[in-house]
Amino acid sequence: MTAPTQAVFFDVDFTLIYPGPAFQGEGYRTFCARHGIEVDASRFPDAVISASHILDREQDAVYNPQIFVDYTAHIIGAMGGTGAAVETCAAEIYQEWALCEHFLLYDDVPASLEALAARDIVIGLISNSHRCLDAFQEHFELNGLIDVAVSSSQHGFMKPHPSIFEAALKLAGVPASDALMVGDSLTQDIDGARRVGMRGVLVRRSGSDESTVEGVPVIRSLSELGGFL
């Protein structure tokens with residue numbers, strides 16, 4: 001029998017928030033133009049897919065901003081950008097990623113967090129971003145709902161390294177067996193959490209209609225979380 005859930009931890013990017021126009025194709029084109037770089041905005045979706053291996057190979061890594069600068073530089077290159085300024089432009093985009101005003105909150109987030117809080121469930125954030133999680137809560141008016149927040153830039157290791165999950169559990173004062181991790185990445189969020197004994201729920205807001213992936217429950221909206229607590 002599954003233990004009652006005492007804490008629910010969330011990934012942030014693409015789980016609670018998503019990028020606005022600044023981090024889409026035209027936004028990248030604007031960033032690049034400031035550095036004298038020409039890119040094809042229509043190539044952005046494929047460029048992001050082609051860059052994914054860079055983050056995948058850094059699983060369990062010590063947090064290093066260069067990982068994300070390399071990832072962004074690859075996207076620029078795949079969009080047709082060339083020249084010495086690519087690295088500088090990528091570094092600027094990395095810095096801007098930390099700013100909350102470039103992001104939008106998924107519509108289901110406030111009500112879902114409020115429902116958890118009403119059940120006296122500890123709510124936590126575990127993020128690989130360098131974004132200030134205190135600023136994140138204030139910007140999106142989530143103050144009073146988030147009890148625990150750990151970012152990899154603060155902690156030192158990136159998900160799925162076990163220590164970042166263990167640090168969040170320690171702050172929450174909850175054993176792994178009584179905690180649930182919710183995120184959009186099977187490898188970084190869910191597999192990492194399960195390695196320390198947490199349960200996981202994968203968020204896939206669009207795409208396939210699978211109800212499970214590799215034995216992990218899949219939800220399309222955070223409003224479905226109640227069935228897994």
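Why does serine 151 count as buried? Its relative accessibility is 7%, so serine 151 counts as buried. The classes are these: buried is under 20% relative accessible area, exposed is over 50%, partly exposed is in between, with a 1.4 Å probe and protein chains only.

Some ground rules. This is a predicted model, where local features need pLDDT of at least 70, side-chain atom pairs count only at pLDDT 80 or more, and totals for chains, interfaces and linings use all residues. Residues are numbered from 1 along each chain as its sequence is written, and side-chain values use heavy atoms, with hydrogens and water left out.

Back to serine 151. It sits in strand 5, residues 148-151. Strands are DSSP runs of E, at least two residues; helices are runs of H or I, at least four; both are numbered from the N terminus. Leave aside neighbours within four places in sequence, and serine 151 is in contact with Ser127, Ser129, Leu133 and Ile164. Contact means heavy atoms within 4.5 Å.

Two strands pair if DSSP finds at least two bridges between them. Strand 1 (residues 7-10) and strand 6 (residues 179-183) pair in the parallel sense, over four bridges. Phenylalanine 9 stands opposite methionine 181 in strand 6.

Next, the largest pocket. Its volume is about 1,200 Å³. Of its 40 lining residues, the closest to the centre are Asp13, Phe14, Leu55, Tyr71 and Asp184. On a 1 Å grid over the protein atoms alone, a pocket is an open set of points with protein on both sides within 12 Å along at least five of seven lines, and lining residues have an atom within 4 Å of a point. Points are joined across faces, edges and corners, and the volume is the space filled by probe spheres set on them. Helix 2 gives the most to the lining, six residues.

For cysteine 100, the nearest cysteine sulfur is that of cysteine 132, 7.7 Å away. Cysteine 100 is buried, at 6% relative accessible area. Cysteine 132 is partly exposed, at 45%.

Technical notes: On a 1 Å grid over the protein atoms alone, a cavity is a set of points where a 1.4 Å probe fits but cannot get out, and a pocket is an open set with protein on both sides within 12 Å along at least five of seven lines; lining residues have an atom within 4 Å of a point. A disulfide is a pair of cysteine sulfur atoms within 2.5 Å.
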